[in-house]
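Please look through the sequence and the model below before reading on. The paragraphs after it are meant to be read with the structure in view.

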Amino acid sequence: MEISITPRQRDFIYAKSGEVLFGGAAGGGKSYGQLVDALLFALRYPKSKQLILRRTLPELEKSLVRTALEIYPRELFTYKASRHEGVFANGSVIDFGYCDSENDVYRYQSAEYDIIRFDELTHFTERMYVYLLSRVRGANTYPKQVKCSTNPGGIGHTWVKARFIDTGAPNEEHLGRIFIPSRVSDNTFLMKADPEYVKRLEKLSKKDREALLYGNWDIFDGQYFTEWNREIHVISPFEIPKHWRRYFVMDYGLDMLAGYWIAMDTWGRAYVYREIYESGLIISEAARKIREATDEKIHSYIAPPDLWNRRQDTGKSAAQIFAENGVPVTAARNERVQGWYNLKEWLSPFRDETGKASAYLRIFSNCTNLIRTLPAVSVDAKNPNDVANTPHELTHAPDAIRYFVAGRPVPAVISRVDDGGKPEFDKQIDNLLEFS
């Protein structure tokens, strides 16, 4: 028996995380990778039990079952159609199942599986997925995993994105989960067999093209920041040069402190490099958290102007209490529509001096809540020029970044070099910075 796989399929097969998601673009070989992985597991672990799921029975029979019968060796594998069950010569079993409705999950209520596999995960609801996680169990010593494959879109797009995509960078484990992206270009077998496939995908609508050709999880109907491109705007952390100017910006309320440390280079480009995102903090606690996370010189602490409203209980403003606790904040402008327009400009892609795609605002991959919420905010139904206030949880981090760009931040400037060869700021640049 000889089976060929792509490098991305190999990554999926060897992934050891408790929950694995493979996919993105159409044609990346996701279902085939699932079936090869299931075959290898069944042969490696005698009497093992696996469940492979599609949302409906017709999808199951026309895709997974049909492909399994084509690639699984007949001398080792027998399929019992009446029970949707595949049995191997060593006693391993693969159940081919479906969940046409949410109540269908209870058909597996007493079952035990070493591996459960969801093909096209975004076709399932979160309730289905979470319930079936409880069926991954057993007294043997075999690996226990949930391995999934899917494209963006579908009824489960939002929860799948939150569970696997927004938790951190791809190809790295986060919270016991890993996302392994795949594009059609990774599937060399398909590219050779059907070179026109990509051209057909290119003719789709922008939304479908982004999802199926590029595996873009960040585009949807009504999206406000259509400029967002994860491959451009999200970058790996690097050591920030000492002469870059640093800012801290926040949106504060008892429901959420969304705070960001941002550095500006000499080209006027901003890098969001650290995040604090925590609810339930009174002002003194929020200030302490900010101080403890700051170990560099901050040029300005920027905050929304409503923090200057005096509180009836103390007669002090929140800004005054922040200052008393070591965080001297400066008020930013709060012109919502103009602020969002400015932020769209900062996100707009361009070619840098090396010819690579870039933007004036880029985000370190460790700032997971900003990466999650900034592309997720939608257009206000009553004012298409504004960002919708709901769901409110999505607005904290984008508001903070809006305050930053509204403050007209000034980039780092090297005016001279000291005897040690180290760049220094021209102190007169401080006079150019205006916050109101």
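What follows goes from a sheet to the cores, and then to rings and charges.

This is a predicted model, in which local features need pLDDT of at least 70 and side-chain atom pairs count only at pLDDT 80 or more, while totals for chains, interfaces and linings use all residues. Residues are numbered from 1 along each chain as its sequence is written, and side-chain values use heavy atoms, with hydrogens and water left out.

Start with an open sheet of seven strands, whose order is 9-17-12-11-10-13-14 and whose pairing is mixed. Helices (H or I, at least four residues) and strands (E, at least two) are DSSP runs, numbered from the N terminus, and two strands pair if DSSP finds at least two bridges between them. Strands of a sheet pair through backbone hydrogen bonds, either parallel or antiparallel. At the edges lie strand 9 (234–235) and strand 14 (329–331), each of which pairs on one side only. Strand 9 and strand 17 run parallel and are joined by two bridges; I235 has F364 of strand 17 as its bridge partner.

Strand 11 can be followed to both of its neighbours. Strand 10 and strand 11 run antiparallel, with nine bridges between them, and a hairpin connects the two through two residues.

The next topic is the packing of nonpolar side chains. A nonpolar core is a set of buried Ala, Val, Leu, Ile, Met, Phe, Trp, Tyr and Cys residues joined through side-chain atoms within 4.5 Å. The largest such core has 36 residues, of which Y260, V272, L343, L370 and F404 touch the most other members. Elements that each supply at least two residues of this core include strand 10 (245–253), strand 11 (256–264), strand 12 (270–278), helix 12 (336–347) and helix 14 (396–406). Helix 14 gives the most, with six residues. A second, separate core of 29 residues includes I240, I283, I290 and Y301.

Helix 14 is largely enclosed by the rest of the structure, because 11 of its 11 residues are buried. Among them are H396, D399 and R402. Just after the helix, R408 takes a positive phi of about 50°. V272, leaving aside its neighbours within four places in sequence, is in contact (heavy atoms within 4.5 Å) with residues including Y260, I363, L370 and I401.

Aromatic rings come next. Rings of Phe, Tyr and Trp (its six-membered ring) pair if their centres lie within 6.5 Å; planes under 30 degrees apart count as stacked, over 60 as edge-to-face and the rest as tilted. A search of the whole structure finds 26 such pairs. Y72 and F77 make an edge-to-face pair, because their planes are at 90°, with the ring centres 4.9 Å apart. The rings of F248 and Y301 are tilted, with centres 5.9 Å apart and planes at 55°. This pair links distant parts of the chain, since F248 is in strand 10 and Y301 in strand 13 (residues 300–303), 53 residues apart.

Charged groups complete the tour. The structure holds 29 salt bridges, each being a side-chain nitrogen of Lys or Arg within 4 Å of a carboxyl oxygen of Asp or Glu. R137 forms one with E112, and their closest N and O atoms are 3.8 Å apart. R137 lies in the loop between helix 4 (126–133) and strand 7 (145–150), and E112 in the loop between strand 5 (93–98) and strand 6 (115–119), so the pair ties together parts 25 residues apart in sequence. K161, D166, D218 and R230 are linked in a network of salt bridges.

How values were computed: Buried means under 20% relative accessible area, exposed over 50%, partly exposed in between (1.4 Å probe, protein chains only).
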